[in-house]
Amino acid sequence: MGEHDKVGGSTDTERVQFGQPRRYLIDIDSMATNQLFADCVVVGAGMAGLRAALEAAGRRNVIVVCKGSLEDSNTWKAQGGIASVLNEDDTFESHIADTLKTGCGICDETTVGQVVRNGPALIRELRQWGTQFDLVDGHIDTTLEGGHSRARIIHAHGDETGRAIAETLIETVKNTPGIKVIEHFFTVDLLTDEENRCCGIVGMDKDRGLQIIWGANTILASGGVGQLYRETTNPGGATADGLAMAYRAGAVLRDMEFLQFHPTTLYVAGASRALITETLRGEGAYLLDTQGQRFMKEYHEAGELAPRDVVSRAILAQMRKTESTHVYLDIRHLDKGFFAKRFPLISDLVESFDIDVAHDLIPVRPSAHYMIGGVKTDATGRTSIENLYACGEVASTGLHGANRLGSNSLLEGLVFGTVAGEAVSTGRKADVTSMKHPAMHYSIPHSDRSRLDAADVRNALRALMWRNVGITRKAQPLTEAQEIICFWHRYVMDKVFDAPDGWECQNMLAVSLLMAHAAELRKESRGVHYRMDYTQTDDEGFKKHIELVRGR
Ligand SMILES: Cc1cc2nc3c(=O)[nH]c(=O)nc-3n(C[C@H](O)[C@H](O)[C@H](O)COP(=O)(O)OP(=O)(O)OC[C@H]3O[C@@H](n4cnc5c(N)ncnc54)[C@H](O)[C@@H]3O)c2cc1C
């Protein structure tokens, strides 16, 4: 396979080397670069990063960086809510069982228990800090969602849960001494010393230029990968940077074939794919095909409340059957006043396209939504690299297995952000003054190869991923995707860029290749990974994780 060669590894761990095996994306000369120091550097300011920073801050000084403004995160966009056992008629065992069932046999049961059981206390803490979850009769209101056997999804401001939580965390961080936040700081790479211990980050500060931030510990909380796909619910910043930099640094990545597609995003040609939360189906919305027929019961006994992967594939199949670009959500039978109050964000969105939900149907189709795979961690958020932690969507903690139960990701970010922050706070190597900062020199030879236009490559890559590494997969398109990406690699990965656009393109190429490769390796269907050439789940061969590590 040309420059994409397997170079060894055990049955469960593949070592993959591709393109130029470059350790860093840019030249580094620490003596000539601005430097900052922190006990703990946090990359990312969503749920996971901010919660980690708050936990670490009690005993450590913390620098949080984010590539855009504090509002640019998947967390800010989260709508439906956060799952937790808060009702008397609900139990931890039930939430654990639902999570395990959805995860299709490869969840880490200890992690599932850890996340579920720690949820309620951390949610109470969010309330104390100021998040106003919606109430009925003085109690937190809970909703049902696909895959949950009890109503346990709590929400805030209707469908603006993510924003409400993010605002609380941002405010709390601002009022906490010992945390410095740097917005518009693009982290290019994680720095490692000669023994491959993480010692901070290098990145581009919009105002101050290239900077090194030395950190006794680094917490990676850089979120998801949705922008690798043409159709996605994720905001523009979700370009897989954290996964790519962790991979370059030698961290173990796991479950990279598992990418969750959200079944229902608004389909209006030319508009971005805004998510329409599945709690709308939880509240009674139907799915209709373009011929006006309800079809979900043909695919799953739970109908509209089937797990996401089932609904996404059913919609795709029904679109093919009816030769349409979309299906519809029908809420004409629901009370319009209730809809506007319960889902203000979606209500405004559909109105802005002149859709009157009392009379009109809402056109929807699936989009890339949530990265299940990520940087492998243990129960304290530790990665395979010393002094490097990961939490939130960038991490693979083992909670989701092969499929994520809706509203479990905010919960995971909350719990594992706390856990990683705590590990840094109480760990031995938490003080930057005790750390030896290596002088860092790295230079990249000039390449004479032709230059491709990074913006063009990015667009073509997103279309390729949607087509060949999408909701349904097959050997030949997966091989073709890797060959095409390897071709782009040759002309893009040998260059040195000096701005985020180029680095993002390099990161997107690197991570796309890993995802296509892992999808090819898993010759079965499980959870969100559906192979048309291996439609059955093969417990004998694949009830395991696939781990990818950079070849050396
Ligand atoms: C539209 C939408 C709706 C959703 N609804 C729900 C829901 O209802 N319930 C639920 O549980 N989950 C939901 N999710 C998923 C959930 O929002 C995310 O999984 C979760 O918020 C991820 O949190 P995080 O802290 O890991 O990452 P994010 O919130 O995405 O934060 C990532 C941070 O990393 C920073 N970053 C990234 N790269 C770099 C870089 N190179 N340098 C510096 N900083 C960088 C970003 O700037 C950002 O601050 C939804 C997601 C979307 C997109």
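In which hand, left or right, does α1 pass α11? The crossing is right-handed. The model is predicted: local features need pLDDT of at least 70, side-chain atom pairs count only at pLDDT 80 or more, and totals for chains, interfaces and linings use all residues. Residues are numbered from 1 along each chain as its sequence is written, and side-chain values use heavy atoms, without hydrogens and water.

**View 1. Helices α1 and α11 cross at roughly 30°.** The axes of α1 (residues 47–57) and α11 (residues 408–426) come within 7 Å. Axes are lines fitted to C-alpha atoms over the stretch in contact, with angles from 0 to 180 degrees between N-to-C directions. Helices are DSSP runs (H or I, at least four residues), and strands are E runs of at least two.

**View 2. Residues of the α1–α11 contact (heavy atoms within 4.5 Å).** From α1 come Met47, Ala48, Arg51, Ala52, Glu55 and Ala56. Those of α11 include Leu410, Gly413, Leu414 and Gly417.

View 3. A ligand nitrogen lies 3.0 Å from a side-chain N or O atom of Asp241.

**View 4. The shell around the ligand has 38 residues (a heavy atom within 4 Å).** Thr75, Gly80, Gly81, Glu393 and Ser409 come nearest. Elements that each supply at least two shell residues include α1, β12 (185–192), α6 (241–249) and α11.

Methods:
A crossing is left-handed if the near helix is turned anticlockwise from the far one by less than a right angle, and right-handed if clockwise. A polar contact is a pair of N or O atoms within 3.5 Å; within protein, one must be able to donate a hydrogen and the other to accept it, and residues adjacent in sequence count only if both atoms are side-chain atoms.
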